[in-house]
Amino acid sequence: MESVNPAPVPVSHQDVKAKVEARKWFYTDVVKEHFFNPKNIFKTDEEAVEYEKEANGVGQVGSPACGDAMKIWIKVDENSDIIRELKWQTFGCASAIASTSMLSVMVTENGGMSTDQALELKPKDIVNRLVDLPSRKFHCSVLGDKALRAAINDYFKRTGQTDKIKIEGARIIDDDTKTTDKDIEEAVLEGAHDFEAVQKKLKVGISNKAIIPEVEDLIRFYKEKYFG
Ligand code: FES
């Protein structure tokens, strides 16, 4: 029977765009290495319980975006405020595991970072060391960052450096929708990087237009904080 070759399908701009988008789903080799061989992670609860007796900073957070939890323990040299060790455990996903593994390396390599240096770290710095992370997974890298900040605050509390403690609390920005600064933070982390995108997600500032400048300021602030 005579075979008939199908007519070539023209490659449209949409096809090319879809292929580029699909590539963003892949994890880099560095992410895979840290996911399959996470550094400084506790393998058992018993190890964590033992370690907690000696750690001088412990922080735990959950992510409102996905409901996952992260706990970080640090051992800080109290003479120099240098973080010598950082251990962690999480219920988070592959991206959270890879990001926190990389965070633990960055904080403790070359003798360790001071607590002040560690507080300067941005999730974007972790993502850069991982080479990349799919944008929808960016918030997973924030989990370790937040738990580390909580652990450092705990260290400051234990060592009487309470003036250095920074607590971020939720504040209502739009009374009509009860939108808080935390909601705006989460929206930015989930990829809404301008006012239109945040408004679409949160319906913020629709009837109460006076708060729009404050919302725009917060979007700028969180974009700088997490994406640099
Ligand atoms: S940590 Fe929740 S989706 Fe990655």
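Start by selecting helix α8 (residues 181-189) and helix α9 (residues 195-202): they pack at an angle of about 115°, and their axes are 10 Å apart. Keep in mind that you're looking at a predicted model. Angles of 65 to 115 degrees count as roughly perpendicular, so that's the word for how α8 and α9 sit relative to each other. Turn the view and you can check the crossing, in which α8 passes α9 in a right-handed way.

Now show the side chains where these helices meet. On the α8 side pick D183, I184 and A187; their partners in α9 are V198, K201 and L202. Sorted by class, this contact has four nonpolar residues, two charged ones and no polar ones.

Next, the core. Select I72, I74, A151, I184 and V198: of the 45 residues in the largest nonpolar core, these touch the most other members. Elements that give two or more residues to this core include β2 (69-77), β3 (82-90), α4 (94-108), α8 and α9.

Last, visit two loops. Most residues other than glycine have a negative phi. Zoom in on V131, in the loop between α6 and α7, where phi is positive, near 80°. V131 counts as exposed, since it has 11 C-beta neighbours inside 10 Å. Then hop to K203, in the loop between α9 and α10; its phi is also positive, near 60°. K203 is partly exposed, with 13 other C-beta atoms within 10 Å.

Technical notes: Residues are numbered from 1 along each chain as its sequence is written. This is a predicted model: local features need pLDDT of at least 70, side-chain atom pairs count only at pLDDT 80 or more; totals for chains, interfaces and linings use all residues. Axes are lines fitted to C-alpha atoms, for helices over the stretch in contact, and angles run from 0 to 180 degrees between N-to-C directions. Helices (H or I, at least four residues) and strands (E, at least two) are DSSP runs, numbered from the N terminus. Angles under 35 degrees count as roughly parallel, over 145 as roughly antiparallel, 65 to 115 as roughly perpendicular and the rest as oblique. A crossing is left-handed if the near helix is turned anticlockwise from the far one by less than a right angle, and right-handed if clockwise. Two residues are in contact if their C-beta atoms, placed from the backbone, lie within 7 Å. Ala, Val, Leu, Ile, Met, Phe, Trp, Tyr, Cys and Pro count as nonpolar, Asp, Glu, Lys and Arg as charged, and the others, Gly among them, as polar. A nonpolar core is a set of buried Ala, Val, Leu, Ile, Met, Phe, Trp, Tyr and Cys residues joined through C-beta atoms within 7 Å. A residue is buried if 20 or more other C-beta atoms lie within 10 Å of its own, exposed if 12 or fewer, and partly exposed in between; C-beta atoms are placed from the backbone.
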